[in-house]
Amino acid sequence: MTTDYAAVHLIMLLALFEYFIFMMAVGRARYQYGVKAPATTGDENFERVYRVQMNTLELLALFIPALWTFAIFVSEAWAVLLGAIFIIGRALYFKGYVTAANKRSLGFGLSMMPILALSIGGLYGAIRALAGCSPSTRGL
């Protein structure tokens, strides 16, 4: 059994588990606010929960490849730290947005900044690897 990148796997799976929790929240909100599938509009409170789920799905498509590219080509330790910030940001986004749409900014910023850092760092690391530069240490 290998433990290579176990911490990165853990971060990825925690992000996916968090998304699963958001999916379950949408199901509860459908019942609570009487929004029957396949409708995605109706009560404003439902729509905010639904938007958290959809926005998280949109960001996961950026987050997961950026997380892995950064971990492989730059630093596993920094990827894990940035990934943890992303997960915390998503939780704050959920809490803020469900309360009121104008309270989602902090969580959104704490979600986007790690994605930006992971993407730029991963791109830089991959280019360096293609150019034959020595890879960085994994950092763990």
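**View 1. Setting aside neighbours within four places in sequence, Val26 contacts Phe46, Val49, Tyr50 and Gln53.** Contact here means heavy atoms within 4.5 Å. The structure is a predicted model, in which local features need pLDDT of at least 70 and side-chain atom pairs count only at pLDDT 80 or more, while totals for chains, interfaces and linings use all residues. Residues are numbered from 1 along each chain as its sequence is written, and side-chain values use heavy atoms, with hydrogens and water left out. Val26 lies in helix α1 (residues 6-33). With a relative accessible area of 5%, Val26 is buried (buried: under 20% relative accessible area; exposed: over 50%; partly exposed: in between; 1.4 Å probe, protein chains only). The C-alpha atoms of Val26 and Met54 are 10.0 Å apart, although 28 residues separate the two along the chain.

View 2. Helices (H or I, at least four residues) and strands (E, at least two) are DSSP runs, numbered from the N terminus. The order of elements from the N terminus is α-α-α-α. The C-alpha trace spans about 55 × 35 × 20 Å along its principal axes. Of the 140 residues in the chain, 36% are buried. Among contacts between residues at least 6 apart in sequence, 70% join residues at least 24 apart.

**View 3. Helix α2 (residues 44-73) packs against α3 at an angle of about 175 degrees, with the axes 11 Å apart.** Axes are lines fitted to C-alpha atoms, for helices over the stretch in contact, and angles run from 0 to 180 degrees between N-to-C directions. The two helices α2 and α3 are therefore roughly antiparallel (over 145 degrees; under 35 is roughly parallel, 65 to 115 roughly perpendicular, and the rest oblique). Residues forming this contact include Val49, Leu59 and Phe63 of α2 and Trp78, Phe86 and Arg90 of α3. The residues of the contact comprise 16 nonpolar, four polar and four charged. In this grouping, Ala, Val, Leu, Ile, Met, Phe, Trp, Tyr, Cys and Pro count as nonpolar, Asp, Glu, Lys and Arg as charged, and the others, Gly among them, as polar.

**View 4. The axes of helix α3 (residues 76-99) and helix α4 (residues 105-130) come within 7 Å and cross at roughly 155 degrees.** This angle makes α3 roughly antiparallel to α4. The crossing of α3 past α4 is left-handed, a term used if the near helix is turned anticlockwise from the far one by less than a right angle, with clockwise being right-handed. Among the residues that meet are Leu82, Phe86 and Tyr93 in α3 and Phe108, Ser111 and Pro114 in α4.

**View 5. Ser111 of helix α4 forms a polar contact of 2.9 Å with Arg90 through their side chains.** A polar contact is a pair of N or O atoms within 3.5 Å; within protein, one must be able to donate a hydrogen and the other to accept it, and residues adjacent in sequence count only if both atoms are side-chain atoms. Ser111 counts as buried, at 0% relative accessibility. Beyond its neighbours within four places in sequence, Ser111 is in contact with Leu59, Phe86, Gly89 and Arg90.

**View 6. A cis peptide bond, with omega about 10 degrees, joins Ala37 and Pro38.** Pro38 lies in the loop between α1 and α2. Tyr5, in the segment before α1, has a positive phi near 60 degrees. Most residues other than glycine have a negative phi, and most peptide bonds are trans. Tyr5 is buried, with a relative accessible area of 16%.
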